[in-house]
Amino acid sequence: MRRFPAQFQEKCVTVFRSELRKNKSLERFRVSVKNGNAPGIALILLLAVLVAGCERPQFSEAEKRTIASLALNALPPLKPDTTNRYADDPGAAALGATLFFDFTLSRNGTVACSTCHQIGQQFQDGLPQGVGVARTNRRTQPLAGVAYSPWLFWDGRRDSLWAQALVPLENPLEQAGNRTAYARYVKARFGERYERIFGPLPDFSNVPANAGPLGSATEQSAWNGMSGAQHDDINRVFANIGKALAAFQRSINPKEARFDRFAAVLAAGGEPQDDAVFSPEEIQGLKLFIGKASCSTCHNGPLFTDHAFHNTGVPPVADLPPDRGRVDAVAQVDADPFNCLGAYRDGGPEACGELKFMVRDKPELIRAYKTPSLRAVAGRPPYMHAGQFGSLEEVVAHYAKAPSSVEGVSEVHPLRLSERERAALVAFLKTLSP
Amino acid sequence: MAPFWRYLIAGIGLVAVVLGVLAVVYMTAPSTPPAAAPETGQTRGSEKGMFVATFVPQDGTAKQNELQDWVLTLKTAAGKPVENATIEVSGGMPQHAHGLPTSPKMTDYLGDGRYRISGVKFSMSGWWQLKLGISAPTGSDTVVFNIVL
């Protein structure tokens, strides 16, 4: 219930009581109120409460539509990935799950995909930058709903989940292995399972034990000494490792959050029950999120992301190598032999629209990073592409202040948000968890 | 001590004042869509008046976050189909500091002055602008389409 400010109460009384109006001393008013007509004051208070109750409906029709568009039940079923014929093959997904947790898939036998993508932690690690064989340059991303993303990594340097899965395997800071070693290992350890899914494995007896185009100098020269047919044999097995890992990751879906229960009841025109009831602060935060604070401009749809890249002025981390985001990823995805237009895609080239019509040369790509999903965001600090902010409060403060970018132009404009409004936004973000 | 009726009148008066203020606030509040709502017609004249262009999604409706093909129909001011034109697509969101999330391209000539523009994508709701730079044997001109999602 709203309380009438005490001073206002006093003024009300004096305005309508002529004998008090003559008296300029506030102290006298206080006395008169104390000794005054209690039922009369109660009546004014009651009327005030009634008026306060005559507010606008809680959400406008436009707000209701936006809220419905953010709810998990608005998420369409995952489209088939025609570039990966095995994407929905249960055998491939099972092999992918095995590989995902297999520490042998690394140079020193200590790092698996699951080292950074931890199953109990939304498939992320809670660190500012992921740590594989060594510390990487970027924050590990959670995996819920990852298969909906047309671009992978913070900068989108890969254009499919299966092409993405191959990068950490060869990255010297992550799993740090090499291509021939992986192909040979899969044949030796999982040969039968592999062949049941992907068909016969080639003969690797003349292939070097350790070779790859991205490894050490020795590994690279061993790779360069191999024939084109050998490269292709190894690349095909390597691509299939990625396709199995992608098939597994397609099964990792976002969980229903408190917000989804609230949104479902709102859409049905009912009255929320139990934990679907939003506090006034959470409602204020939701209204800000889709209104004045413009968060839902980019964090839109049921995954709370537009899957696009934006420079939002997030500061660089001092001791990391220069990082220019999307602008440097364009050439990398174009050059990737496992991209959609490459030889290892299944299906036709009509699936490659994103790559074909990719923005290649706009200044807005400088320090642009992919909009991350906000589902279950409260459970995984720190935030941003290199873990720059330790709390949601810091993130909200950053977007309110909207500092200019160290390079390129930030798309974010400063926004005046009171302490209460900032707290309300954080309270709303917490409702995106189960 | 004031009689009870004075409080009653005071209360009613207060309610009247509050309602009056609320009425003024509601009536003068800016409406939610932008004051100057963009012209979203699907057929528009080009800037120098050289062409009349119609631009529609191939499957009927503009969708959010999906790559779509659009069809551009070009006619001269006299209503004759424009052939052998090349089309450059640019644009973005005028209210945000960003361009299009993709680089749409003319991918096909469909005959009768109709051109297929592929790779059109809108990554968020709101007001988008697509600027089509048209170069035809008869001359060059630009036409701007507003699309509100």
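## A loop residue in chain B

B:Asn65 sits in the loop between β2 (51-57) and β3 (68-76) of chain B; helices (H or I, at least four residues) and strands (E, at least two) are DSSP runs, numbered from the N terminus. Its phi is near 60 degrees, a positive value in a residue other than glycine. B:Asn65 also counts as buried, with 20 C-beta neighbours inside 10 Å. Here, buried means 20 or more other C-beta atoms within 10 Å of the residue's own, exposed means 12 or fewer, and partly exposed is in between, with C-beta atoms placed from the backbone.

A quick word on ground rules: this is a predicted model, where local features need pLDDT of at least 70 and side-chain atom pairs count only at pLDDT 80 or more, while totals for chains, interfaces and linings use all residues. Residues are numbered from 1 along each chain as its sequence is written, and chains are lettered from A and ligands numbered from 1 in the order in which they are written.

## The rest of chain B

Chain B has one helix and nine strands, running α-β-β-β-β-β-β-β-β-β along the sequence. It splits into domain 1 (1-30) and domain 2 (43-148), with bounds from an automatic or database domain assignment. The C-alpha centres of the two domains are 55 Å apart.

Of the 149 residues in chain B, 23% are buried. Take the contacts with a separation of 6 or more: 55% of them come from residues 24 or more positions apart. A contact means C-beta atoms, placed from the backbone, within 7 Å.

## Chain A and its helix packing

Chain A has 17 helices and two strands. Buried residues make up 43% of its 434 residues, and 70% of the contacts between residues at least 6 apart in sequence join residues at least 24 apart.

Now for α9 (residues 179-198) of chain A, which packs with α6 (residues 90-100) of chain A at about 150 degrees, axes 9 Å apart. Axes are lines fitted to C-alpha atoms, for helices over the stretch in contact, and angles run from 0 to 180 degrees between N-to-C directions. That makes α6(A) roughly antiparallel to α9(A); the cut-offs are under 35 degrees for roughly parallel, over 145 for roughly antiparallel, 65 to 115 for roughly perpendicular, and oblique for the rest. On the α6(A) side, A:Gly91, A:Ala92 and A:Leu95 meet α9(A) residues including A:Phe190 and A:Tyr194.

The axes of α9(A) and α11 (residues 228-249) of chain A come within 10 Å and cross at roughly 65 degrees, so these two helices are roughly perpendicular. Among the residues making this contact are A:Tyr182 and A:Val186 of α9(A), and A:Val237 and A:Phe238 of α11(A).

A:Phe153, in the loop between α7 (113-116) and α8 (161-170) of chain A, has a positive phi near 75 degrees despite not being glycine. A:Phe153 is buried too, with 20 other C-beta atoms within 10 Å. Most residues other than glycine have a negative phi, and most peptide bonds are trans. A:Pro381 and A:Pro382, though, are joined by a cis peptide bond with omega about -5 degrees, and A:Pro382 is in the loop between β2 (369-370) and α16 (392-401) of chain A.

Helix α12 (residues 258-268) of chain A has buried residues including A:Phe259, A:Phe262 and A:Leu266. Part of their cover comes from α5 (61-70) of chain A. Just after α12(A), A:Gly269 takes a positive phi of about 75 degrees.

Definitions and conventions: Contact = placed C-beta atoms within 7 Å.
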